[in-house]
Amino acid sequence: MKLYLIHTGYYDKNVGDGFYEQHTNILIVAKNAYSAREKVKKNQDYINKKMHIDGIKEIENVDGYDIKLNQSNEKEKITSYNHYQVRFLKSR
């Protein structure tokens, strides 16, 4: 399996009367780009916001580190830091 970043676009009537295109990125694990494209189309946010795909990136290596995906029993584990928390991050 490979890691894909799907760059999506959509128009939100609540932002600028829907005149400006909004964007978001969705991470998908799939065996190839075609499967990633089909999988993102089943994402509830993608469906609800009537998104379209602007681009797909297959992520294999970042900053000299290979990305290795290992199957886990956890559905999803993501740690987020808001703008305030980022200001106070310290080295450990």
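**Exposed spots and the core**

Modeller: Let's start at lysine 50, which counts as exposed because its relative accessibility is 71%. Keep in mind that this is a predicted model.

Biologist: What is phi near in lysine 50?

Modeller: Most residues other than glycine have a negative phi. Lysine 50 isn't a glycine, yet its phi is positive, near 55°.

Biologist: Is aspartate 17 buried or exposed?

Modeller: Aspartate 17 lies in the loop between β1 and β2 (21-30), and it has a positive phi of about 60° without being a glycine. Exposed means over 50% relative accessible area. Aspartate 17 has 69%, so it is exposed.

Biologist: Which residues form a nonpolar patch on the surface with Met1?

Modeller: Methionine 1 comes in the segment before β1 (2-11), and its 67% relative accessibility is why it counts as exposed. The patch has about 410 Å² of accessible area together.

Biologist: In soluble globular proteins, nonpolar side chains tend to be buried together. Which elements each supply at least two residues of the largest nonpolar core?

Modeller: That core has ten residues, among them Tyr4, Ile28 and Val40. Each of these elements supplies at least two of its residues: β1, β2 and α1 (33-40).

Biologist: And what is valine 40 in contact with, leaving aside neighbours within four places in sequence?

Modeller: Valine 40 is itself one of the core residues. With those neighbours set aside, its contacts are Ile6, Ile26, Ile28, Tyr46 and Ile53.

Methods
Residues are numbered from 1 along each chain as its sequence is written. This is a predicted model: local features need pLDDT of at least 70, side-chain atom pairs count only at pLDDT 80 or more; totals for chains, interfaces and linings use all residues. Side-chain values use heavy atoms; hydrogens and water are left out. Patches are made of residues with over 30% relative accessible area and no salt bridge: like charges are joined within 9 Å, nonpolar side chains (Val, Leu, Ile, Met, Phe, Trp, Tyr) within 5 Å. Accessible areas come from the Shrake-Rupley method with a 1.4 Å probe; for residues, only the protein chains shown count as cover. A salt bridge is a side-chain nitrogen of Lys or Arg within 4 Å of a carboxyl oxygen of Asp or Glu. Helices (H or I, at least four residues) and strands (E, at least two) are DSSP runs, numbered from the N terminus. Buried means under 20% relative accessible area, exposed over 50%, partly exposed in between (1.4 Å probe, protein chains only). A nonpolar core is a set of buried Ala, Val, Leu, Ile, Met, Phe, Trp, Tyr and Cys residues joined through side-chain atoms within 4.5 Å. Contact means heavy atoms within 4.5 Å.
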